[in-house]
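Here is a walk through one protein model, from the overall fold down to single side chains. Have the sequence and the structure open while you read.

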Amino acid sequence: MALEGQTTYAIAGKLEKEQIPTPRAMLLEAYGKFETPERAKYPSKWDKNTVRGILRNPTYLGKLVCQKTQKKSFKDKHVVARPEEEWITVEGTHEALVDQATFDTVQQRIQVKQPVLALNPENKLRGLLFCGGCNTRMAFSSATGRKICGHYCCGKHRRYGGKECSTHYISVKQINAVLLEDIQRHASLAAEDKEKYIAYLTQLSEKEWVGEKASYIKEAEQCQRRISELDILLKRLYEDNVFGRISDERFASMSADYEAESRKLKDRYNEIQSLLANYARQSRDAKEFAALVEQYTNITELTEELLHMLIEKVVVHEKEVIDGETVMRIDIYYRFIGKVGSEDGETLKATKSRRASVPLAPGA
């Protein structure tokens with residue numbers, strides 16, 4: 001249900017209507033735990049936060065995750081959350097109920113704020129479109145009583161006007177045409193020769209990241225070198241304080257600065273290592289995307305579930321004139337592989353734009 005775009009509130013309402021017992025109600029029935037008058041009286045009373053917790057639980061991926069919380073001390077029994085990087089995750093402890101692609105898609109969907117009221121069926125790209133000028137989400141407007149199905153524009157422009165950003169207007173028909181054509185192309189390439197297609201994706205990914213990867217490696221080396229220098233400085237500073245060469249106040253001030261810089265560098269170094277680890281997953285990610293997109297070889301129209309399954313985000317740039325033709329650049333970021341572009345590596349383009357300075361094609 002979440003994959004289809006239903007909100008956690010709507011899912012909770014449906015489970016309650018179908019009289020599905022909540023997790024705590026099931027524990028109460030099986031083991032007598034969590035016995036409260038309310039739980040016993042309303043065993044099917046679901047809450048949206050309970051649904052959200054289930055949807056975000058990595059246990060359904062076949063993983064066992066430990067050390068998510070801790071107590072402050074043996075005296076203070078209050079439970080506090082631990083940082084995610086400190087969690088202990090064990091893969092493959094049991095059979096997965098959902099695949100990674102579905103789980104990741106749902107995580108993205110439940111992060112997007114959605115109204116409880118009935119949603120416009122034409123707004124299939126909810127939460128996926130971003131403005132290329134200010135990187136805010138694109139706002140959808142319906143077109144009741146008009147021939148077109150609606151359009152998207154920059155959310156910041158819609159709220160604050162032209163002083164903040166330009167409109168970045170694109171109709172639903174235009175963006176759907178670009179996405180459908182590109183998904184069909186990728187699906188055809190995967191179906192025709194999967195191994196060749198995987199090699200193509202890997203090559204494009206390496207080409208895009210080669211300069212950035214070198215920059216990250218250089219920055220990581222600089223971080224390591226400076227962290228080593230700070231360790232030496234702190235040791236010398238401590239010795240100077242012990243032997244009276246600097247005052248306690250001076251020692252406290254300088255050591256605090258060095259330690260703060262060291263923590264910042266270590267955080268940045270760990271962040272860079274995570275980014276560099278992504279390069280080792282390029283081949284695996286290309287294989288996963290090829291297997292995923294191959295299923296959609298014969299699609300003729302886009303569904304909301306398909307779009308959110310394949311696409312991470314779509315960036316819409318403002319219209320520009322190239323060789324006398326008004327175009328609007330569209331950057332499509334797919335799951336697992338990121339921005340691929342067209343077959344020759346160029347950015348995809350929507351060839352006609354409303355309010356353009358050139359005549360519109362029929363039906364545009």
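## The overall picture

Of the contacts here between residues at least 6 apart in sequence, 59% join residues at least 24 apart, where a contact means heavy atoms within 4.5 Å. This is a predicted model, so local features need pLDDT of at least 70 and side-chain atom pairs count only at pLDDT 80 or more, while totals for chains, interfaces and linings use all residues. Residues are numbered from 1 along each chain as its sequence is written, and side-chain values use heavy atoms, with hydrogens and water left out.

The protein has 11 helices and 12 strands; these are DSSP runs numbered from the N terminus, with helices being H or I of at least four residues and strands being E of at least two. Buried residues account for 35% of the 364 residues. Buried means under 20% relative accessible area, exposed means over 50%, and partly exposed is in between (1.4 Å probe, protein chains only). The accessible surface totals about 22800 Å², with 51% of that belonging to carbon and sulfur atoms. Areas like this come from the Shrake-Rupley method with a 1.4 Å probe, and for residues only the protein chains shown count as cover.

Strands of a sheet pair through backbone hydrogen bonds, either parallel or antiparallel. Two strands are called paired if DSSP finds at least two bridges between them. Strand 5 (residues 129-131) runs parallel to strand 9 (residues 311-322), and three bridges join them.

## The 6-7-8 sheet

Another group to look at is an open, antiparallel sheet of three strands in the order 6-7-8. Strand 6 (138-141) and strand 8 (170-171) are the edge strands, each pairing on one side only. Strand 7 and strand 8 are joined by two bridges, with Y152 standing opposite I170 in strand 8.

H151 belongs to strand 7 (residues 151-154). With a relative accessible area of 16%, H151 is buried. Beyond its neighbours within four places in sequence, H151 touches A139, F140, S141, Y169, I170, S171 and V172.

## Cysteines without disulfides

There are zero disulfides in the structure; a disulfide would be a pair of cysteine sulfur atoms within 2.5 Å. So how far is the sulfur of C131 from the closest cysteine sulfur? That sulfur is in C165, 3.6 Å away, which is too far for a bond. C131 is also buried, at a relative accessible area of 1%. For C134, the closest cysteine sulfur is in C154 at 3.5 Å, again too far for a bond.

## Salt bridges and the helices

A search of the whole structure turns up 10 salt bridges, each being a side-chain nitrogen of Lys or Arg within 4 Å of a carboxyl oxygen of Asp or Glu. One of them joins E294 to K194, with the closest N and O atoms 2.7 Å apart. This pair links distant parts of the chain: E294 is in the loop between helix 10 (282-293) and helix 11 (304-310), K194 is in helix 8 (residues 194-242), and they are 100 residues apart. E294 is partly exposed at 28%, and K194 is partly exposed at 29%.

E261 and R226 make another salt bridge, their closest N and O atoms being 2.9 Å apart. E261 lies in helix 9 and R226 in helix 8, so the pair ties together parts that are 35 residues apart in sequence. R245 bridges to D240 at 2.8 Å between the closest N and O atoms; R245 is exposed at 54%, while D240 is partly exposed at 24%. E219, R268 and E271 are linked in a salt-bridge network.

## A nonpolar patch

Y60, L97 and V98 make a nonpolar surface patch of about 270 Å². Patches are built from residues with over 30% relative accessible area and no salt bridge, joining like charges within 9 Å and nonpolar side chains (Val, Leu, Ile, Met, Phe, Trp, Tyr) within 5 Å. V98 is in the loop between strand 4 (88-90) and helix 5 (100-111), and counts as partly exposed at 33% relative accessibility.
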